Amino acid sequence: MAAATAKLQEQFDAGLETRADFTIDQPLSRYGAVDHAVWDQLYRRQAGLLAGRANDTFLAGAAQIGLNVAHVPSFEAVSERLMRATGWRIVAVPGLVPDRIFFEHLANRRFPVTWWIRRPDELDYLQEPDCFHDLFGHVPLLTNPVFADAIEAYGQTALAAHARDPRTLTLLARLYWYTVEFGLMRDPGAPNGVTIYGAGIVSSKGESIYSVESPAPNRIAFDLDRVLRTRYRIDTFQKTYFVIDSFGQLFDALGAGVASRLADPASLLDAEPFGAGDVLAGDTVLTRGTGAGWRDEGDV
Ligand SMILES: [Fe+2]
């Protein structure tokens with residue numbers, strides 16, 4: 001599937017003029033009826049699934065920036081609304097961009113969004129991020145001022161840390177993975193005591209249910225050092241979710257917290273990382289997973 005998708009993307013991207021910062025103009029004329037139908041179907045399905053499961057500000061934010069439409073949204077129209085909310089905007093890109101370029105965009109309040117959208121036979125799983133993952137998954141919470149500041153802070157810290165020592169990329173990736181992509185937030189009012197805010201979860205039908213309802217994964221209170229040392233899964237649902245209390249806590253971790261930790265990253269880089277499913281004596285465990293369905297090999 002990955003090969004087929006890459007080939008498709010190559011074909012899509014032919015003739016697109018890419019700037020030095022890897023941005024392009026969103027090629028609106030290249031979307032066909034099938035693309036618009038895929039957005040419509042995915043949006044309605046996920047909005048239905050996420051009511052009561054995702055953080056309250058997520059669906060409100062999605063509607064605020066105009067994602068609740070029956071076609072692939074215009075990035076310019078989304079950007080205008082987002083700019084009014086928090087001063088962020090989105091920029092179209094052909095796909096994954098180099099790390100330094102990605103961090104630079106975040107540090108300047110620009111979120112890169114892949115322009116192309118998955119095919120109808122890829123609704124449930126896609127190996128690389130597409131427009132639905134990037135736009136629906138990542139952008140709604142950028143309407144929240146604290147979350148928006150947290151992502152900018154992460155971009156600035158990542159840019160500096162990566163320039164000083166490229167080995168910190170592994171640590172930065174773990175932090176991003178367990179928060180921005182697969183984060184949960186404590187919510188005593190929610191049926192299972194947690195709600196979803198991570199983009200990798202909200203853009204996935206299966207993981208939207210699994211992350212909050214399945215007895216299989218661990219749900220552990222967020223701790224910066226713990227997360228920086230923990231490997232993760234890219235091929236299956238997560239074995240462990242880390243749970244924040246608030247976006248304020250996230251801002252502290254993605255901003256000053258990780259900046260000070262990565263000022264001298266040697267001890268973190270030298271330490272043996274924890275497995276994706278490990279539960280440690282020092283953890284504050286909200287739910288200890290049963291581990292049902294886990295495979296041992298495959299942590300990255
Ligand atoms: Fe993502």
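I take buried to mean under 20% relative accessible area. The model I am reading is predicted.

**Metal site.** I looked up the iron ion first. I find His 133 (NE2), His 138 (NE2) and Glu 181 (OE) coordinating the iron ion, at 2.0 to 2.1 Å.

I then checked accessibility. His 138 has 6% relative accessibility and therefore counts as buried, because the limit is under 20%. Glu 181 is also buried, at a relative accessible area of 11%.

**Nonpolar core.** I looked up the largest nonpolar core and got 84 residues. Among those with the most contacts inside this core I list Trp 39, Phe 111, Val 139, Tyr 154 and Leu 175. Setting aside neighbours within four places in sequence, I find Tyr 154 in contact with Phe 103, Leu 106, Leu 172, Ala 173, Leu 175, Tyr 176 and Leu 254.

I recorded an open sheet of five strands, with mixed pairing and the order 4-3-6-5-7. Its edge strands are strand 4 (194-196) and strand 7 (285-287), each of which pairs on one side only. I get an average twist of 35 degrees from one strand to the next. For one pair I looked at the detail: strand 3 (residues 184-186) runs antiparallel to strand 4, with three bridges between them. Within this pair I see Arg 186 opposite Val 194 of strand 4.

Terms used
Residues are numbered from 1 along each chain as its sequence is written. This is a predicted model: local features need pLDDT of at least 70, side-chain atom pairs count only at pLDDT 80 or more; totals for chains, interfaces and linings use all residues. Side-chain values use heavy atoms; hydrogens and water are left out. Two strands pair if DSSP finds at least two bridges between them. Helices (H or I, at least four residues) and strands (E, at least two) are DSSP runs, numbered from the N terminus. Axes are lines fitted to C-alpha atoms, for helices over the stretch in contact, and angles run from 0 to 180 degrees between N-to-C directions. A nonpolar core is a set of buried Ala, Val, Leu, Ile, Met, Phe, Trp, Tyr and Cys residues joined through side-chain atoms within 4.5 Å. Buried means under 20% relative accessible area, exposed over 50%, partly exposed in between (1.4 Å probe, protein chains only). Contact means heavy atoms within 4.5 Å. Donors are N, O and S atoms within 2.8 Å of the metal (3.2 Å for Na, K and Ca); water is not among the atoms, so sites may look incomplete.
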